[in-house]
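Dear colleague,

I am handing over the structure below, and I would be grateful if you could look through it before reading on. My notes on what was found follow directly after it.

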Amino acid sequence: MDGTDLWRVNGLREEVFARNICSLAALVWLIWEYVVTWHNEFRYIWGGQMNRVKYIYLFSRYFAIFVQLVNTCLVFFPLSQLPVGRRECEAWLLFLIISACLLMFTVDAVIMLRGKIAVFLAILLLGQLVVVTTCTSLTVPNVPFGPTCDALKTPPDAAYFMVVVICSHIVLLVLTVRKRKVAFGQSPVVDLVVRDGAWVFVLIVSMFLVTIPYSLASQIARPYALFVLPISLLSIITCRLILNMQKVVIIPVNYSAGGTTDTGIAFTSFIDFPEDESQVPSRISHLTSIITTGSIP
């Protein structure tokens, strides 16, 4: 083996080492997050009656852990036997794409509002799904892979998906902020979702604005950088947002013509303030009844 071959082999080993360490770090990050938030999960998620928000939490938490466990086993064993075949690389990439998209949709589902707006947002998410499915089916079969499963060419269709995701989250942010106005600024849980929704927007948009243009410019896409670490980040974002929502207690205030109420409400379900401001008193009364009886629909 001459110096050139030795340099190439060492380079491949370094790539495999970096990929495996990043994958292991993503798994450890999730497990650490699980450990430090377990007491809150036990109190606010497992305690009391289950609802849709809690089901989203459980999916985001444990599906992400499952994905990272499977991914870690894959990269440390079959994908470390170089060179990796194209079929294995393609299957691994599809596994990561599907997992990351599902977790990104759960983040959006937490912030989505019910009623007519929720229908509109569901159509928006469906549009994202169509774009992802179309781009993936057209590009992945034609992507050339290196011996470590790095994509040696980034398809330009990735830019279309980035634009769709960013536009969708801009719409989602605007509608989330608008919901605060409907709630008269008197709901801490709405304020919290607006604040956390803004952070979600910043993190997701920044993630796409950094990874996609860099991959297009370098024409090398590393799946562990594009998907493995973001999978952990998306799971943590969703779980933290839901835990924060479950811990919020609305401070008692007095209802008047300005639109407040004298009842303290522990909010543990989806935000559902109506678009018609005249309906807010009856909706607050409904939430009060839910907390008083302990029955959450």
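In these notes a residue is called buried when its relative accessible area is under 20%, exposed when it is over 50%, and partly exposed in between, with a 1.4 Å probe and protein chains only. Please keep in mind that this is a predicted model, in which local features need pLDDT of at least 70 and side-chain atom pairs count only at pLDDT 80 or more, while totals for chains, interfaces and linings use all residues. Residues are numbered from 1 along each chain as its sequence is written, and side-chain values use heavy atoms, with hydrogens and water left out.

I begin with the cysteines. The structure holds one disulfide, a term used here for a pair of cysteine sulfur atoms within 2.5 Å. The disulfide joins cysteine 89 to cysteine 149, with an S to S distance of 2.0 Å. Because cysteine 89 lies in helix H3 and cysteine 149 in the loop between H4 and H5, the pair ties together parts that are 60 residues apart in sequence; helices here are DSSP runs (H or I, at least four residues), numbered from the N terminus. The torsion about the S-S bond is about -85°, so this disulfide is left-handed. Cysteine 89 counts as buried at 0% relative accessibility, and cysteine 149 counts as buried at 0% as well. As for other cysteines, cysteine 135 is buried at 15%, whereas cysteine 73 is partly exposed at 44%.

Next comes the nonpolar core, meaning a set of buried Ala, Val, Leu, Ile, Met, Phe, Trp, Tyr and Cys residues joined through side-chain atoms within 4.5 Å. The largest such core has 69 residues, of which Met104, Phe161, Ile204 and Phe208 touch the most other members. At least two residues of this core come from each of helices H1 (3-46), H2 (52-76), H3 (86-111), H4 (116-139), H5 (157-182), H6 (188-218) and H7 (223-247). If residues up to four places away in sequence are not counted, phenylalanine 208 touches Met104, Phe161, Met162, Val165 and Pro213, where contact means heavy atoms within 4.5 Å.

Lysine 54, in helix H2, deserves a separate note. Lysine 54 is buried yet has no salt bridge, and the nearest side chain of opposite charge, that of glutamate 41, is 11 Å away. A salt bridge would require a side-chain nitrogen of Lys or Arg within 4 Å of a carboxyl oxygen of Asp or Glu; for charge, Lys and Arg count as positive and Asp and Glu as negative, while His and the chain ends are not counted. Leaving aside neighbours within four places in sequence, lysine 54 is in contact with Tyr44, Ile45, Gly47, Gly48, Gln49 and Gln246.

Finally, there are five aromatic pairs, that is, rings of Phe, Tyr and Trp (its six-membered ring) with centres within 6.5 Å, where planes under 30 degrees apart count as stacked, over 60 as edge-to-face and the rest as tilted. The rings of tyrosine 34 and tryptophan 38 have centres 5.8 Å apart and planes at 40°, so this pair is tilted. Ring pairs link Tyr34, Trp38, Phe42 and Tyr62 into a cluster.

With best wishes
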